[in-house]
Amino acid sequence: MANYLAQFHTIKSSCDRLVIAVEDVSDLWPTVKESFEARLPLKKAALNNKTRNSVNVEKLLAEFILTTDARLRSRFPQEQSLFWFREPYATVVLVTCEDLDEFKTILKPRLKLIVQNDEREWFIVFVSKAHPSNDQACKMAKRVYAKLEVDFSSKKRERCCKLDLHGADENVWEDLDSKIVESIRNTLDRRVQFYEEEIRKLSEQRFMPVWNFCNFFILKESLAFMFEMAHLHEDSLREYDELELCYLETVNAPGKHRDFGGLDKGDDRASLLNPGIKPLTQIVQDDSFREFEFRQYLFACQSKLLFALNRPLEVAARGYSFIISFSKTLSLHESSLPFCLREVWVITACVALIDSTTSNYDGGIVTPDAEKEFYRLQGDLYSLARVKMILQANPRVKHFNIFRKPLPLEPSLLLREANRRRASLSVGNVSELLDIHHNDGSGPDGNSRFPSNRANASFMSRTYSGPASAENSVSLDRPMRLSEIYVAAEHALKQTISDPNLLMPLSSLQEFEKKYMELTKGAADNYHRSWWKRHGVVLDGEIAALLFKNGNFDLAAKSYEKVCALYAGEGWQDLLAEVLPDLAESQKILNDEAGYLSSCVRLLSLDSGLFLNKERQAFQSEVVRLAHSEMKNPVPLDVSSLITFSGNPGPPLELCDGDPGILSVTIWSGFPDDITLESLSLTLSASFNVDEGLKALKSADPLILKPGRNVITLDLPPQKPGSYVLGALTGQIGHLRFRSHSFSKGGPADTDDFMSYEKPTRPVLKVLNPRPLVDITAAVSSALLMNELQWIGLIVKPIDYSMKGAVLHIDTGPGLKIEESHMIEIEDHTNNSKSSVNSSRRFEQILLESGKIELPNWASDITTVVWFPVRAIDDRIARGVSAVSPPVQNMVDGMRMIALKLEFGAFRNQIFERTIAVHFTDPLHVSTRVADKCSDGTLLLQVILHSQVKAALQLYDAWLDLQAGFVHVGKVDGRPISSSFPLLSLHLLLQDCCLPYN
């Protein structure tokens, strides 16, 4: 069976549609051919798939071929059974007859002979030539057709249909189409069953010595190709999948050695989309096929079917997986393959898949997820092709004199070639040769953060595939020099590559960069469209590097900004340290002062271990230089990642309502050296009210921030009651204003951990609600003597608030004055209580100055009594009143007012004011009454003196003034006898006689 492989390949390449045989019994085909072929392709043909489920084929391609055609006559019986898929699927018998006798004697026997083959699906088309105007001919045609139906049709199946040349309606053609489809369906079912049975027989022999994969392949692909011609692409695809699995089992089975392939000219170009690029007869090997060509052939057949099913997404997915797995297979045979064939093959395979899937993807009705997946696969293909490109990058000095080792790209063709040649010499890996002089860190890679063993891990050793010769230009007794490696690699690579589109990028550095940019940009764009933003941005960095190299600094800066934003957001500081200097350099060249300044700050914000101290000092010098220069467009600089701040550890500062204070704040500086801030301010945000405006606290003097932890103090004006948290830190360096929104956790006092960002939830300031802070009451406020020196006591009681430095203002009202000849006395109030008789006495005399005194420090937090002497002044004298008409008490006459004002607090900002009423009274109350009326007209008048105070009074003199009309009897001045004085009593009774004056 394997001998028919060439013929099978020829038949398959020339056969692309189902064959419908036409048995032209009555020479009618030239007449009806045009009408028959106009029905092709068949519309909505209902066929059965492999599982006998009905499938509607929208357009079934078919071809009418006469049975007398050489294409159907020149076949041997064995060929017909082997290549049954190309045999007719239906036979249309064209007949006509105008006479019953002719039908019985000639036509009927011939038809019996034609349809006696049970393997053929046939039906008879009776073509009536009778004109509708000829009734006799029409009747005869009907009689003949009726007889034809009786002889060749049955109840189970109708095998006849009538076609009028002069007036066939649409129903006739639909009936004709249905009979053709029915015949095709029956034939297809029967042939599928045949192939399945033959394949089953061969599958049972798969582990026997007589097993021949070529025979199995012919049968399996014949079935798959038959499904493909019938447009049952799903079934055809399934057959190819099974065929691939069977082949992989065969090729991986232990046994005799088979050639892998891949040594022919042009094999470096992948053939994943063209199954006919190489005849099967060229890749056959004994009872199987060479793996290199045959696996690509199978994938090409699969991709063709997937495109027919309008599934380019699956082609891309399968293709990417196939390239990865086949690349691994190529690596196993790399020693026998041409130089770098694996890399070249991967590049051409990726490019071919990208072109074909993109052209077949119309973006029709697909889900958003499917669309994203398609673009992701496109990005993967571009990326895979990109990393297989050759990139010769020399280390270069970056901005700020930062030296970085270029990231190693896989593969490095020069090192591969060196490994090939050196492996034959058994002298180790070429990377060891190149790095042997730099193990002490003094070489060009000494400052690199990548360890040398990490870079060496990406280089794979290969053996040299061929004997040494004079063409090598080096002797085999020494390793190759780097210049020799370049020459050898270039020569070997040109011998391998046959694709002119791939040779062109290697012709010059400019062409290579153009191709590399094309692949990288394609990968980045597709990753962005698939919402794999991080992958796309990383590739944007590769694009930016190439743009930077070519002097396109504007586009390079835009790409670098996206890359830096991603790296910063992900916290990839190692990678950020690689690209941020390039961004800064681009911005400096573009004279973008604001961007350059921001990049310098971001460089300083990175982990200090990523750069040398002198490099970080260079960053700071650039910041200071620009800050003190005249920038054209100065913009506020965000230094949130460089300068952080927090409140001091411990409870928040508590203040009473109206109190100012001093707020202590910790600031961490990420600058490597001291830096001077011309001004600094910090905003407070009220946590109790979002509508409350921010309060700015400003530092009066310039500040010098040292690296690490700094503690500053800010004057705090009175705030409204509530809790306050830190807002933003603003300041000025030179002419440049900066701002920081970053908060630090505030580590222990002995640490300088200034890169710990966490917004504190605890407040730094609490202002208490208004409450009484002090109370002043009078110790004595009544029963004070008028016109006498009296001591008034004021009880000063602090209420959980310090009275340190408090000043008491005393203002007496009209009719009251302070006797300044005496000192003000202040004492502990507890000394006046009985429980403190034996306690230590606190007492102090204070001089009153300008109506105010300052309380001593010992009285700042205890209750004290302030004694001060006063005198109430009243020029009136006491007059007696009749006992019959008692006097009306007037409290206002003896009332005096004392206005008090206490200034206290840290800045004497708290004010307590109170007015105290003090009552003064006369010592005696005088009342009179007539004790007796004498007959001679005289009156005995009694005068009573009542004491108004709870104390003993001593009277030295008293007299009685009479109103007009009365005179004293026997006494001129109205004084009592002198022996009555001094009088020591609580009250005095005076008696006198008087008579009316006539």
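The dialogue below goes through strands, a helix packing, a contact set, salt bridges and a surface patch.

Modeller: This is a predicted model, where local features need pLDDT of at least 70, side-chain atom pairs count only at pLDDT 80 or more, and totals for chains, interfaces and linings use all residues. Residues are numbered from 1 along each chain as its sequence is written, and side-chain values use heavy atoms, with hydrogens and water left out.

Biologist: In what order do the five strands of the open sheet lie?

Modeller: Helices (H or I, at least four residues) and strands (E, at least two) are DSSP runs numbered from the N terminus. Two strands pair if DSSP finds at least two bridges between them. Here the order is β4-β1-β5-β6-β7, with parallel pairing. β4 (62–66) and β7 (160–164) are the edge strands, each pairing on one side only. From one strand to the next, the twist averages 25°.

Biologist: How many bridges hold β1 and β4 in their parallel pairing?

Modeller: Five bridges join β4 to β1, which covers residues 18–24. Val-22 stands opposite Leu-66 of β4.

Biologist: Which strands does helix α7 lie across?

Modeller: Contact means heavy atoms within 4.5 Å. For angles, axes are lines fitted to C-alpha atoms, for helices over the stretch in contact, and the angle between N-to-C directions runs from 0 to 180 degrees. Helix α7 (residues 170–204) lies across β1, β4, β5 (90–95), β6 (122–128) and β7, and runs at about 145° to β7.

Biologist: How do strands β2 and β3 run, parallel or antiparallel?

Modeller: They run antiparallel, with six bridges between β2 (residues 42–48) and β3 (residues 54–60). Leu-42 has Leu-60 in β3 as its bridge partner. The two strands form a hairpin with five residues between them, and Arg-52 in the turn has a positive phi of about 65°.

Biologist: Which residues does Asp-151 touch, leaving out those up to four places away in sequence?

Modeller: Asp-151, in helix α6 (residues 135–152), touches Phe-103, Lys-108 and Lys-112. Lys-108 is 43 residues from Asp-151 along the chain, and their C-alpha atoms are separated by 8.4 Å.

Biologist: How many salt bridges does a search of the whole structure find?

Modeller: A salt bridge is a side-chain nitrogen of Lys or Arg within 4 Å of a carboxyl oxygen of Asp or Glu. The search finds 44. One of them joins Glu-249 to Arg-206, with the closest N and O atoms 3.3 Å apart. This pair links distant parts of the chain, 43 residues apart: Glu-249 is in helix α9 (residues 233–252), and Arg-206 is in the loop between α7 and α8 (213–229).

Biologist: Which residues make the nonpolar surface patch?

Modeller: Patches are made of residues with over 30% relative accessible area and no salt bridge; like charges are joined within 9 Å, and nonpolar side chains (Val, Leu, Ile, Met, Phe, Trp, Tyr) within 5 Å. Accessible areas come from the Shrake-Rupley method with a 1.4 Å probe, and for residues only the protein chains shown count as cover. Val-538, Trp-572 and Leu-575 make a patch of about 210 Å². Leu-575 is in helix α23 (residues 573–589).
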